[in-house]
Amino acid sequence: MAEWAGASSLRQVVLASPRSFCAGVERAIAVVEQALRQHGPPVYVRKQIVHNARVVADLQARGAIFVDELDEVPAGGLTVFSAHGVAPAVRREAVERGLPVIDATCPLVAKVHAEARRFTGRGDTVLLIGHAGHEETEGTLGEAPARIRLVPDPAAAETVPVDDPDRVSYLVQTTLATDEVAGVVDALRRRFPALTGPGSDDICYATTNRQRAVTEVAARADVVLVVGSDNSSNSRRLVEVAERAGARAYLIDDVSRVDLRWLAGAGTVGVSAGASAPPALVDEVVAALTGLGAREVSEHTTTVEDVAFTLPKEVRQP
Ligand code: SF4
């Protein structure tokens, strides 16, 4: 009862916009939906199609089977590669096994793979700024395991070994925080003055836009709730960015994870969602906050997105 009473001082809810699904996630989900529609279940998906528990559960209920590796797919099983991309070795394995494959890799991740091939192909050591163990970095590293090295932070930038200091380039995981990456690139440039990078930023438009919007919302909010799953890189970055902008910020898979104590004394609560989190989850959070007595729900828009990607030819409608 005391927790309810504390949380009911809530006055304002400010929604960061853009938030929630990006074009790459919408495309990846549509690939699985279309594959189920056209071929019927089961459709095998290597790894989570996008890093969100609700999306995965919904597709599972409709006949998608999520596997960690291709050896779990039976002979002839229709297989979808997730939005995060795969290493060439995985593609080879699928070809060797004769598996029919639909590739849902986000085109912006595919662009980073293409850069990795180009940079390593001209003889560079490529330093990939990103997080260890994430499926996207594993896929990119797989383009040339002997020539690409992971650099997770500025400390690693000081020590990472390269073959020739005059032939070094860098790439960036698409979902990192812009300010964090700048620190790592500065450290690399001090060590390797001839360092070259991607022509345009690897951090994707959706990551950049969501970070900018949540930064502005966090600057005027006491608490920020970011809807997204624990393993979602871009959602986690939104929490960190909101904290750096001065708010208390929490990552929640869905409304059931909100702890009323977080809201005690908060006049303004900001809400955002990672690029893999469905808009319906945000609606549920807003409904709960309204139920707690929020008097005003507004939207703070920093940019309007109009990006859309075409589906792979295998599932395109004629
Ligand atoms: S967050 Fe960016 S890179 Fe990842 S799926 Fe969305 S648009 Fe593509």
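1. Start with the largest pocket, which holds about 190 Å³ of space. A pocket here is an open set of points on a 1 Å grid over the protein atoms alone, with protein on both sides within 12 Å along at least five of seven lines. The volume is the space filled by probe spheres set on the points, with points joined across faces, edges and corners. Of the 17 lining residues (those with an atom within 4 Å of a point), Pro18, Arg19, Phe21, Arg210 and Glu305 come closest to the pocket's centre. The elements giving two or more residues to this lining are α2 and α9; helices are DSSP runs of H or I with at least four residues, strands are E runs of at least two, and both are numbered from the N terminus.

2. Keep in mind that this is a predicted model, where local features need pLDDT of at least 70, side-chain atom pairs count only at pLDDT 80 or more, and totals for chains, interfaces and linings use all residues. Residues are numbered from 1 along each chain as its sequence is written, and side-chain values use heavy atoms, with hydrogens and water left out.

3. The second largest pocket has about 160 Å³ of space. Phe21 is among its lining residues, and so are Glu26, Arg54 and Leu281. Helix α3 (53–61) gives the most to this lining, with four residues. By class, the lining has seven nonpolar, no polar and five charged residues (nonpolar: Ala, Val, Leu, Ile, Met, Phe, Trp, Tyr, Cys and Pro; charged: Asp, Glu, Lys and Arg; polar: the others, Gly among them).

4. The largest cavity has a volume of about 290 Å³. It has 24 lining residues, and Cys22, Val25, His84, Thr174 and Thr175 are the closest to its centre. Helix α9 (205–220) gives the most to this lining, with three residues. The lining splits into twelve nonpolar, eleven polar and one charged.

5. Now the overall fold: the protein has twelve helices and twelve strands. Its radius of gyration (over C-alpha atoms) is 21 Å, close to the 20 Å from the globule rule for 318 residues, so the protein is as compact as a globular protein of that length. That rule is 2.2 Å times the number of residues to the power 0.38.

How values were computed. On a 1 Å grid over the protein atoms alone, a cavity is a set of points where a 1.4 Å probe fits but cannot get out, and a pocket is an open set with protein on both sides within 12 Å along at least five of seven lines; lining residues have an atom within 4 Å of a point.
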